[in-house]
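I opened the model to look up ring pairs, cores and pockets. My notes follow.

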Amino acid sequence: MSRAALVVIDVQESFRQRPIWAYASQPDIVDQVNRLVDAARRRGDLVVWVLHAEPGSGGVFDPASGHVRPIEGLAPAAGEPTLVKTAHNAFTTTNLQQILTLAGIRELTVCGIRTEQCVETTTRVGCDLGYEMTFVTDATVTFPTPHRDLPADATLEQILADPRTLSTADMIARTEYALAGRFATVRTVAEVTAVPVGA
């Protein structure tokens, strides 16, 4: 039995309903995630799907909106758990740890949306829980991030025009610096899906 699992975090239609989706750092996220999923299934690794919900919010993360589902092109297979969380990390409000423990999982590979938010936070918590974490940066998505002093109701145009806005490249670099050597091994899709010599 494999001791490894792939956790796909929040790659859901909710994000595509926002105008800022046009500025996503990885427009090919579905293809990248599918490559990881296919490789995990071939190896016999567990694949776990996680979705984010904000019940009663009336927004795109409210289950009533119909958008709290995997992005078109992603499809959990029979027997692959699909969990719904209401916190930033995939552990706190789900039974993810129980599922992993019962399956004897000790190694986690994570991908999803957003790079520096739910995927990074899950990585940090997973590391603290004793899992060997792999963070696949090019199978994550982030967006231009406004400065803390920009009003909460700032328009997309204002966010993009503000020189203090952090670019997706800067956000990705910051996340990799924060995680590598501390909380996770940072790898690419190509590295994770490579077939070992002699296999």
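I pair rings of Phe, Tyr and Trp (its six-membered ring) if their centres lie within 6.5 Å; planes under 30 degrees apart count as stacked, over 60 as edge-to-face and the rest as tilted. The model is predicted, so I note that local features need pLDDT of at least 70 and side-chain atom pairs pLDDT 80 or more, while totals for chains, interfaces and linings use all residues. Numbering runs from 1 along each chain as its sequence is written, and side-chain values use heavy atoms, without hydrogens and water.

**Rings.** I get 4 aromatic pairs by this rule. Phe15 and Phe143 are stacked, at 6.1 Å centre to centre and 20° between the planes. Phe15 is in helix H1 (residues 13–16) and Phe143 in the loop between S5 and helix H5 (156–161), so the pair ties together parts 128 residues apart in sequence. Helices (H or I, at least four residues) and strands (E, at least two) are DSSP runs, numbered from the N terminus. Both Phe15 and Phe143 are buried, that is, under 20% relative accessible area with a 1.4 Å probe, protein chains only (exposed is over 50%, partly exposed in between). Ring pairs link Phe15, Trp21, Phe61 and Phe143 into a cluster.

**Core.** I looked up the largest nonpolar core and found 27 residues, with Phe143 and Trp21 among those having the most contacts inside it. Such a core is a set of buried Ala, Val, Leu, Ile, Met, Phe, Trp, Tyr and Cys residues joined through side-chain atoms within 4.5 Å. H2 gives the most to this core, 6 residues.

The largest pocket holds about 340 Å³ of space. Arg43, Asp45, Arg187, Val192 and Ala194 are the closest to its centre among 18 lining residues. For the terms: on a 1 Å grid over the protein atoms alone, a pocket is an open set of points where a 1.4 Å probe fits, with protein on both sides within 12 Å along at least five of seven lines, and lining residues have an atom within 4 Å of a point. Points are joined across faces, edges and corners, and the volume is the space filled by probe spheres set on them.

**Thr134.** Is Thr134 buried or exposed? At 12% relative accessibility, I count Thr134 as buried. Thr134 is in strand S5 (residues 132–141). Beyond residues up to four places away in sequence, Thr134 has contacts (heavy atoms within 4.5 Å) with residues including Arg187 and Val192.
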